[in-house]
Amino acid sequence: MAAVLTVDPRSGVPIYLQIIEQIKRSVALGVLQVGEQLPTVKQLAIDLTVNPNTVARAYRELERDAVIETAPGRGSFVRGDGMAQSPRAAAADIARTAFDAALREAKSVGLTRDEAQELIEAALDRWFQE
Amino acid sequence: MSAIQILNLRKMYGPLAAVDDFSLEVPAGSVYGLLGPNGAGKTTTFKCMLGLLRPTSGEVLYDGKPLVPQTFERIAYVPERSVLYEWMTVAEHIEMTRRAFSRFDPARARELLVQFGVEERRRARALSKGMRTAVMVALAFARNAEILLLDEPTGGLDPVNQRHVLSLMINEAAKGNSVLFSSHQIGQVERAAERIAVMDHGRLVLEGLVDDLKADRKIVEGVFPDVSYTLDGIANDPRVTHADRTERIVRLLVNGGADEIASRLARAGATGVRVLDLNLEDIFLYAVSPETATADVVAKESSS
């Protein structure tokens, strides 16, 4: 588990958000399975050399988003009940963020809706050809 | 209650304020980074915290109480400059520390020295700057102290040993202890510290959670089609803390509301509007030297 997580402290993206994104991504990709135990806050802090409170903040948000659950005294686990986000929904989340960023850039450099649509169609043909 | 509270600390040298109405609070179980240019007053602050210098006014509290002789058992300090006795061996320093502090664990100190690659039989005068730092760090972290005051605790160390010191600090925080450290290596502070304070000319110029500072502080950039543009008062928004305007390019340092301000810039006619993230070095530079900071951010963006 620790091996799949890395943080880039020099990035402008807050460390707790980097941890959240990577755990969501790991769940989406099935690297982290439903019911699987996460490292303790203390252990992950030591593994990543980041402040324990920063890891705790990431875990709290992941709990709020129903990605993980914490059983006092037992640790944190990837949620498996109906509330949990399905891996497909998590994958869609990741893609949606990327689309948003790309389209925002397209709009800001002055593309019209039709021009953006054309680019999207071309990209779809490239990446989803049968 | 915070483990460490510095309240309105002031230290005057004649007419000059080395520390000027400086306050901060370090929570228990946290690593706290103290940043500032040379001469900002960091070392003077550490010395006032330890009673090595008498503050002109203000006070320092540990768990809500002022420093008393018994507190010293609970505080470990790594000074910026070597305080080792040149003619004594490292082993003799361990023995001396053992006699002075009842909670000191000599076995732990030896273990740390092995990890840092420092031989106990060496005399202090034969040690490099980095090895001296390593000895002081090993003695401090073997003290079983609840409060660690570390003034440049990685000075002269190689990257592997620098990371080792950071790991030791994280371990202490995970045990519920409090670490206040200063460093010119902003990348280290960025990685290990939960909160930071930036000092400049003795004053507190910026304080906060590193992650929140990064989430709030952004550069909003836009390019106008020609030189005759107006910002429609955007630059007067209280969240815009610094504005750079060249002929057609506008860069706004914002503290919160980046997306909204980006939309307003686009409505004012700017194209290529984008929101740039800032790392802690950028945020630090904006706090102490905005002109340098802008040049830095722009250079980084152009090269990426």
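Which side chain meets B:Glu95 in a salt bridge? In this predicted model, the partner is B:Arg99, with N and O 2.9 Å apart. The two residues sit four positions apart in helix H2 (residues 90-100) of chain B, so about one helical turn separates them. B:Glu95 is partly exposed at 28% relative accessibility, whereas B:Arg99 is exposed, with a relative accessible area of 67%.

**Salt bridges**

Over all chains, the structure holds 28 salt bridges. Side chains of opposite charge can pair when their charged atoms come close.

| Pair | Distance (N to O) |
|---|---|
| B:Glu221 and B:Arg251 | 2.8 Å |
| B:Glu95 and B:Arg99 | 2.9 Å |
| A:Arg10 and B:Glu190 | 3.1 Å |
| A:Arg10 and B:Glu281 | 3.4 Å |

The salt bridge between B:Glu221 and B:Arg251 runs from strand E11 (residues 217-223) to strand E13 (residues 249-255) of chain B, so parts that are 30 residues apart in sequence are tied together. Both B:Glu221 and B:Arg251 are buried. Elsewhere, A:Arg10, B:Glu190, B:Lys214 and B:Glu281 belong to one network of salt bridges that share partners.

**The interface between chains A and B**

Contact between the chains involves 33 residues of chain B and 23 residues of chain A. Together they bury about 2,200 Å², of which 47% is on carbon and sulfur atoms. On the chain B side, B:Ile170, B:Arg191 and B:Asp211 supply 29% of the area buried against chain A, more than any other three residues.

Four salt bridges link chain B and chain A, and 15 residue pairs are in polar contact (both at pLDDT 80 or more). The elements of chain B that each give at least two residues to the side touching chain A are strand E3 (30-35), helix H5 (159-174), helix H6 (186-192), helix H7 (210-216), helix H8 (258-267) and strand E14 (271-277). H5(B) provides the largest share of that side, seven residues. By type, the residues of chain B's side comprise 14 nonpolar, eight polar and eleven charged.

How values were computed: Residues numbered from 1 in each chain as written. Chains lettered and ligands numbered in written order. Predicted model: local features only at pLDDT ≥ 70, side-chain atom pairs only at ≥ 80, totals over all residues. Heavy atoms only, no water. Buried < 20%, exposed > 50% of the residue type's maximum accessible area, 1.4 Å probe, protein only. Contact = heavy atoms within 4.5 Å. Buried area = accessible area lost by both parts, 1.4 Å probe. Polar contact = N/O pair within 3.5 Å; in protein donor to acceptor, adjacent residues only side chain to side chain. Nonpolar A, V, L, I, M, F, W, Y, C, P; charged D, E, K, R; others polar.
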